[in-house]
Amino acid sequence: HRCGEVCVSAPHPLGDGFAWWHLPPGERSFTTPVFEGWPETLDFIRKVWTEEGPFDGMLGFSQGAILVAALVALGEMKSGRALASCRCLLLCGAAVPGPFQREIADLASRADKLENGNYVALHTIGRQDDINPPEGARQVAAAVGGEIFEFDGGHDVPMDEAALEVYRSLLKR
């Protein structure tokens with residue numbers, strides 16, 4: 001089996017890079033009540049998905065993982081929606097998306113996670129993550145569903161042999 005990837009830059013310029021949204025001064029993605037530019041981000045994701053996809057999976061790191069959590073919580077992976085083809089989620093260094101805390105909590109309380117999409121999910125959580133606290137990533141995992149792979153590092157995508165084996169296992173499903 002072969003796979004390819006499409007790497008997408010976020011739609012909002014930020015310094016020398018890009019962001020999925022902008023934050024009010026002093027806020028973090030997990031504390032803010034608003035993602036400035038969210039409607040443009042959602043339109044952008046849907047456009048990429050329909051024009052360059054459909055895709056089988058999505059990998060998000062940090063703000064990208066928060067984006068994936070928000071998309072699931074808002075029902076964007078449900079049958080009939082633009083991202084419904086997504087069957088595999090990898091969230092690395094996630095946190096609860098501040099503006100969608102209620103939706104994450106509602107999703108966590110549901111017994112049937114498949115109602116929000118037909119996917120498998122893996123959450124990598126660094127025990128020493130000092131950017132997005134591990135407890136937030138655990139809340140996202142409880143809401144989205146799937147497996148958790150905790151490692152001794154920080155805010156990173158683990159690439160040691162144990163992590164690679166977990167990734168292989170995820171992709172075989």
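I checked what covers the buried residues of α3: the cover includes α2 (63-73) and α4 (134-144). I took contact as heavy atoms within 4.5 Å. Helices (H or I, at least four residues) and strands (E, at least two) are DSSP runs, numbered from the N terminus.

The model is predicted, so I noted its limits: local features need pLDDT of at least 70, side-chain atom pairs count only at pLDDT 80 or more, and totals for chains, interfaces and linings use all residues. Residues are numbered from 1 along each chain as its sequence is written, and side-chain values use heavy atoms, with hydrogens and water left out.

Which residues of α3 are buried? In α3 (residues 101-109) I found Glu103, Ile104 and Leu107 buried. Buried means under 20% relative accessible area, exposed over 50%, partly exposed in between (1.4 Å probe, protein chains only). Down the axis of α3, the buried residues fall within an arc of 100°, so they line one face of the helix. The arc uses directions from the helix axis to the C-beta atoms. On the face turned away, I listed Arg102 and Ser109 as exposed.

Next, the sheet. I read an open sheet of four strands, order β3-β4-β5-β6, with parallel pairing. Pairing requires at least two DSSP bridges between two strands. β3 (57-61) and β6 (147-151) are the edge strands, each pairing on one side only. β4 (residues 88-92) and β5 (residues 120-126) share five bridges. Leucine 91 has histidine 123 in β5 as its bridge partner.

Last, I looked at α5 (residues 161-172). α5 lies across β4, β5 and β6, at about 165° to β5. Axes are lines fitted to C-alpha atoms, for helices over the stretch in contact, and angles run from 0 to 180 degrees between N-to-C directions.
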